[in-house]
Amino acid sequence: MIPAAPAAPSAGRAAGLWWGLLGVAAFSFTVPFTRVAVAGLSPLFIGPGRAVVAAALASAALVLTRQRFPLGRQWARLAVVAGGIVVGFPLLTSFALTSAPASHGAVVIALLPAATATAAVLRGHERPPAAFWLATAAGAAAAVGFAFAPPGGFGQLHWADLLLLGAVAVAAVGYAEGGLLARELGAWQTVSWALVLAAPLMVALAALAVAQQPPSGTPAQWASFAYLGVVSMFLGFFAWYRGLAIGPMTQVSQIQLVQPVLSIAWAALLLGEALTPVTLMGGAAVIACAGLAVRARVKPPLAPPRA
């Protein structure tokens, strides 16, 4: 049985939002640093390679703290988490960002909060009010409109957009399932076990990538890769799943609407990508929608759903 999201008092809800914001701040560098890394390293190496780095850290943490093994169906649920956040999202975004600008990728990924909220409702049976869905839909619409508007957008659906949308879908499922599991296993334990479970596949893919094209990058590209492995794939999830576990997940997930705005700012500062008035207006609209969504009060589930 999955523990229901507690009917959190204001202090508890605030803690969930702050943990979520800390995770989002860590994730906001993912797209710009992926863009830096793919300039010299193969995306087939970056996607699995960053997971291998994170899995090594996760294994050490689990062994040193003597964590108990997951039980029964928890392994199947961990496989869902691993498929979304360890395998699917890193691979799809790495290939997409070989052609899409970091700012463009960041805004398409802004659809993730709405997708995560939907997955949380379906999986966790949370009951957000109509105002929540209106704010979420407005934020998603602002993100989509910005993604296709010049100068940041392609002006039409591009293959990179399909990869990014696929990344959004699999990550949303992984986030929702991981948030539920974090109530049972713990926040950092959930992501650690997911990394360990996916490690054999990721090691094989990374070895294949090295055999096909031995990695050779600049110090900046390797530093970006290190960030992706240590922070984006490991440490950032400590805070993110902690926030989702405190919940409500539908509400905490909307904090991620701020992520593309931060990512665009980092892309401008670190990569020299254009920061136009359209970008600023789109970012302001997305942040406003996020603020409205997190203020909406989410009702707890009618009954704890079964695993």
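Let's start with Arg77, which counts as buried in this predicted model, at 7% relative accessibility. The cut-off for that label is under 20% relative accessible area. So where does a charged side chain go in there? Side chains of opposite charge can pair when their charged atoms come close.

One partner is Glu177: its side chain meets that of Arg77 in a salt bridge, 2.7 Å from N to O. This pair joins distant parts of the chain, with Arg77 in helix α4 (residues 74-96) and Glu177 in helix α8, 100 residues apart. Glu177 is buried too, with a relative accessible area of 7%.

Arg77 also forms a salt bridge with Glu184, and here the closest N and O atoms are 3.1 Å apart. Glu184 lies in helix α8 and Arg77 in helix α4, so this pair ties together parts that are 107 residues apart in sequence. Glu184 is partly exposed, at 22% relative accessible area. Put together, Arg77, Glu177 and Glu184 make up a salt-bridge network. A search of the whole structure turns up two salt bridges.

Now for the nonpolar side of things. The largest nonpolar core has 62 residues, and those with the most contacts inside it include Ile85, Tyr175, Trp240 and Tyr241. Helix α8 (residues 159-185) gives the most to this core, contributing eleven residues.

Setting aside its neighbours within four places in sequence, Tyr241 is in contact with Val81, Ile85, Gly174, Tyr175 and Gly178, among others. There is also a second, separate core of twelve residues, with Leu41, Ile46, Tyr227 and Leu228 among them.

Key. Residues numbered from 1 in each chain as written. Predicted model: local features only at pLDDT ≥ 70, side-chain atom pairs only at ≥ 80, totals over all residues. Heavy atoms only, no water. Core = buried A, V, L, I, M, F, W, Y, C linked by side-chain atoms within 4.5 Å. Buried < 20%, exposed > 50% of the residue type's maximum accessible area, 1.4 Å probe, protein only. Helix = DSSP H or I, 4+ residues; strand = E, 2+ residues; numbered from the N terminus. Contact = heavy atoms within 4.5 Å. Salt bridge = Lys/Arg side-chain N within 4 Å of Asp/Glu carboxyl O.
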